Amino acid sequence: MRRKVTIQSIADFTGLSKFAVSRGLSGKSGVSPQTRELILRAAGQLGYFKDAQTAPVPSELMDIEARSWSGTILVLFPNVRYQNTDSLYWGPIFNGISLRLNQKGINILTLTEPTGDSMFSLLNPEAIMGIITVGSISTPVLLDIKRLGIPVVMVDHHDPSFYCDSIFTDNLSSMREVMSSVISKGYKSYQFLGNIRDAQSFYERYLGFRSSLEDHDIELKQIPSLMGPEIDTFHDTFKAAILEHGLPEVFVCANDIFALFALETLRDMGMEIPENLVFTGFDNTHPQIPFLATVNVDKELLGKRAVDQMLWRILNPSTSYEKTLIQAEVMVRS
C-alpha cells in the first residue's frame, strides 16, 4: 500500500525545510519562484497531488454531439518566445483549435501565461468553460487553475503535479520508426540533439532513439551537453562538443529546428560538412533541410482533438483522465 506523501517527505526529497515546503505548496511568500517550482515538481513526482480516491465512472457516457454548444474556451500559451501563434509548429495547432471551436459555435479567448500575480486577476473564471494549454505551462500557473476547478486539456505537455487530459503525437513509435529506417542503412555512430527537459515530446523522442539503439546492440555514446539544458545556448555548446568529440554519422534531432541550428553552426565554424553526415528531424517544419528522415505531425489535428476532448470532459467530468496519441507520418528520403 502506497505511503501517504507528507510535507516532511517532500522536505527530505528536496533537502529543504518543512517551513519552505509548506510555504511553497500554499503559494505564500517566503520562498523564491525558483524554489517554489522545485517544491511543486518534487511534490508532483512523489504523488502529493494525486487524488486519494478515484471518482466513480457514470453508467452512461454523454457524447459531445448530444447537445448544442455556446460559451468561451480559454487557450493558454506559455511565456516563451517561440511558443506562439506565429510559430511553424504551434501556429497550426492553434488554427486547429480555432477552427473546431468555430464549428461548435464556441468563443475563443487567448492568453499568454502571466509572470506575476494570479492569471485570473483580470478574468472572470465563471465565464470560462474550459482551458486548453498549448505547450509548456509552468507548474504554479497550473495549480492556480486547479484551485478553480476549471476543466483543462494540455496539448504537448505533461506535468506530474497536475492531472488532466492531454493530446500528444505518438512520439515514441514515430521515433522508433525513424531509427529503424536509419539503422537499416548501416549507420553506427549517433548523437541525439535537443534538450530533453524542455518538453515531454522531446523526452519521448529521446526514449525512442535510445531504445532503438539498444534493440540493435548499438552502443550509445551520447554527449550529455547535446541533450541537456546546455544546448539551449546552442552555438557555444554545439561548437565545443564537436571540437572535442568530432562528428557522428547521424544527428537525430528532437525537431527540425535543431538540425537547422547545427548546419548553421558548422558553417559559422568554417567546417566543411561531410557528404556522409546525416540528419533526421521531427515535426516537418523545415522541408528545405536535406533530412534522411523526418516526421510529419498533423498539427491542426492536435488542436481539433484537444477541443473534442475538452467538450467530452465538460460532459463527463468524473471519467478517468485520458492521454490521446495521434499517429504521425514518417517521411524517409533517399
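1. Ring pairs join Phe202, Phe234, Phe238, Phe251, Phe258, Phe261 and Phe279 into a cluster. Two rings of Phe, Tyr or Trp (its six-membered ring) count as a pair if their centres lie within 6.5 Å; planes under 30 degrees apart are called stacked, over 60 edge-to-face, and the rest tilted. The model is a predicted one, in which local features need pLDDT of at least 70 and side-chain atom pairs count only at pLDDT 80 or more, while totals for chains, interfaces and linings use all residues. Residues are numbered from 1 along each chain as its sequence is written, and side-chain values use heavy atoms, with hydrogens and water left out.

2. The structure holds 12 aromatic pairs. One of them is edge-to-face: phenylalanine 202 and phenylalanine 258, at 5.9 Å centre to centre and with 70 degrees between the planes. Phenylalanine 202 belongs to helix α7 (residues 200-215) and phenylalanine 258 to helix α9 (residues 256-268), so this pair ties together parts that are 56 residues apart in sequence. Helices (H or I, at least four residues) and strands (E, at least two) are DSSP runs, numbered from the N terminus. Both phenylalanine 202 and phenylalanine 258 are buried; buried means under 20% relative accessible area, exposed over 50%, and partly exposed in between (1.4 Å probe, protein chains only).

3. How is the pair of tyrosine 206 and phenylalanine 209 classed? The ring centres are 6.0 Å apart and the planes stand at 40 degrees, so the pair of tyrosine 206 and phenylalanine 209 is tilted. These two residues are 3 residues apart in helix α7, and about one helical turn separates them. Tyrosine 206 is buried, with a relative accessible area of 6%, and phenylalanine 209 is buried at 0%.

4. Charged side chains also meet rings. The charged end of arginine 205 sits over the ring of phenylalanine 282, 3.7 Å from the ring centre. Lysine 323 lies over the face of phenylalanine 168, at 4.7 Å from the centre of that ring. The criterion is that NZ of Lys or CZ of Arg is within 6 Å of the ring centre and within 35 degrees of the ring normal.

5. An open sheet of 6 strands has the order β2-β1-β3-β4-β5-β10, with parallel pairing; two strands pair if DSSP finds at least two bridges between them. The edge strands, β2 and β10, each pair on one side only. Strand β5 (residues 165-169) pairs with β10 in the parallel sense over 4 bridges, and threonine 169 stands opposite isoleucine 326 in β10. Strand β4 (residues 152-155) runs parallel to β5 and is joined to that strand by 3 bridges. Valine 155 has isoleucine 167 in β5 as its bridge partner.

6. In a regular strand the side chains alternate between the two faces of the sheet.

7. Glutamate 113 is found in the loop between β2 (107-112) and β3 (130-134). Is this residue buried or exposed? Glutamate 113 is buried, with a relative accessible area of 9%. Leaving aside neighbours within four places in sequence, glutamate 113 is in contact (heavy atoms within 4.5 Å) with residues including Leu76, Phe77, Pro78 and Asn79.
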